[in-house]
Every structure is written in C-alpha cells, then in structure tokens.
Amino acid sequence: MTRLTGRRVLVVEDEALVAMLVEDALLDAGAAVVGPAATVSEALSLLSKENPDVAVLDLNLAGETSTPVADVLAQRGVPFVVATGYGAEGLPPSHAHVPVLAKPYDPDDLTAALGRLCG
C-alpha cells in the first residue's frame with residue numbers, strides 16, 4: 001500500500017510515451033488514473049466530470065500553457081505537481097508554490113511527490 005492507493009490522479013501530458021510511462025507508474029502505485037489529457041480542453045472536459053484527488057500537469061502542451069487547468073485545480077483545492085522542462089521559473093506567479101518536477105524525471109520521483117501531496 002502506498003499513499004496513492006485508491007487515489008484518483010489526473011494526468012495532463014501531451015507526449016504519448018511520457019503519458020503512458022506516468023500512467024504505468026501510477027497504476028503500479030495503486031492509483032486510479034484520470035486521463036491522460038493531451039490538451040487543455042481535454043483536461044477541462046475531464047474536470048467537468050471528474051474530481052481527482054491530485055494531479056500532474058505538463059506546463060507546456062504543444063505550445064499551449066496548462067495554467068487554466070492549474071487554476072481550476074487550485075479553485076477546487078486539488079493539489080498538483082507541475083512536470084516541465086522549463087523549471088520553476090516557467091510557473092505563473094499564482095502557482096509559484098506548486099512543486100515542480102524537472103523533465104526528464106524518474107517515475108518514482110513523481111509517485112513520491114504525489115504521495116507527499118496526498119499525505
């Protein structure tokens with residue numbers, strides 16, 4: 001049992017291979033995966049129907065920022081991790097407090113970070 005066992009995790013990632021690796025790591029940790037969503041509109045659509053416990057967001061989705069998704073999660077009080085190759089300086093000021101995982105990252109680091117948010 002991990003802190004992610006039974007938790008619903010929204011995955012927002014536009015790179016299919018990365019999304020599959022993240023999904024596998026989360027499933028191995030006992031989580032239920034919501035998504036993955038490759039675009040902001042897909043993620044917002046999922047959020048209109050789902051209420052995840054925690055989320056992982058790629059900051060840049062094929063040139064589109066995932067900030068609108070982060071805003072909805074923050075409004076709902078859903079904690080999330082931002083996965084990005086741009087570092088913490090790429091975060092909008094309203095989400096500067098959010099944990100950042102620098103890409104490429106180890107899936108174990110992701111599950112550990114999400115587990116701390118669920119802790």
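1. A word on terms before the helices: contact means heavy atoms within 4.5 Å, while helices (H or I, at least four residues) and strands (E, at least two) are DSSP runs, numbered from the N terminus. This is a predicted model, where local features need pLDDT of at least 70 and side-chain atom pairs count only at pLDDT 80 or more, though totals for chains, interfaces and linings use all residues. Residues are numbered from 1 along each chain as its sequence is written, and side-chain values use heavy atoms, with hydrogens and water left out.

2. Let me start with H1 and H4. Val-22, Ala-25 and Leu-26 of H1 meet Pro-107, Leu-110, Thr-111 and Leu-114 of H4. By class, the residues of this contact are six nonpolar, one polar and no charged (Ala, Val, Leu, Ile, Met, Phe, Trp, Tyr, Cys and Pro count as nonpolar, Asp, Glu, Lys and Arg as charged, and the others, Gly among them, as polar). Helix H1 (residues 16-28) packs against helix H4 (residues 107-118) at an angle of about 55°, and their axes are 10 Å apart. That makes H1 oblique to H4. Axes here are lines fitted to C-alpha atoms, for helices over the stretch in contact, and angles run from 0 to 180 degrees between N-to-C directions. Angles under 35 degrees count as roughly parallel, over 145 as roughly antiparallel, 65 to 115 as roughly perpendicular and the rest as oblique.

3. Next, the sheet. In which order do the five strands of the open sheet stand? The order is E2-E1-E3-E6-E7, with parallel pairing (two strands pair if DSSP finds at least two bridges between them). Strand E2 (32-37) and strand E7 (100-102) are at the edges with a single partner strand each, so one side of each has no neighbour in the sheet. On average, neighbouring strands of this sheet are turned by 20° against each other, direction ignored.

4. With E3 it pairs in the parallel sense over four bridges, and Leu-57 stands opposite Val-82 of E6. Towards E7, three bridges join strand E6 (residues 80-84) to its parallel partner. Val-82 has Val-100 as its bridge partner in E7, and Thr-84 has Ala-102. Five of the five residues of E6 are buried, so the strand is largely enclosed by the rest of the structure. Phe-80, Val-82 and Thr-84 point one way and Val-81 and Ala-83 the other way. Buried means under 20% relative accessible area, exposed over 50%, and partly exposed in between (1.4 Å probe, protein chains only).

5. Now for H2 and H3. Their packing angle is about 20°, with axes 9 Å apart, and H2 and H3 are therefore roughly parallel to each other. Val-40, Ala-43, Leu-44, Leu-47 and Ser-48 in H2 meet Pro-68, Val-69, Val-72, Leu-73 and Arg-76 in H3. This contact has eight nonpolar residues, one polar and one charged. H2 also lies across strand E1 (8-12) and E2, running at about 145° to E2.

6. Ala-43 belongs to helix H2 (residues 40-49) and counts as buried at 0% relative accessibility. Val-12 is 31 residues away from Ala-43 in sequence, yet their C-alpha atoms are 6.5 Å apart in space. Asp-58 sits in strand E3 and is buried too, with a relative accessible area of 4%. Beyond its neighbours within four places in sequence, Asp-58 has contacts that include Val-12, Asp-14, Ala-83 and Lys-103.

7. Finally, some backbone details to check. Most residues other than glycine have a negative phi, and most peptide bonds are trans. The bond from Gly-35 to Pro-36 is cis, with omega near 10°, and Pro-36 lies in strand E2. The bond from Lys-103 to Pro-104 is cis as well, with omega near -5°; Pro-104 is in the loop between E7 and H4. Is Ala-62 buried or exposed? Ala-62 is exposed, with a relative accessible area of 72%. Ala-62 is not a glycine, but has a positive phi of about 50°, and its place is the loop between strand E4 (60-61) and strand E5 (64-65).
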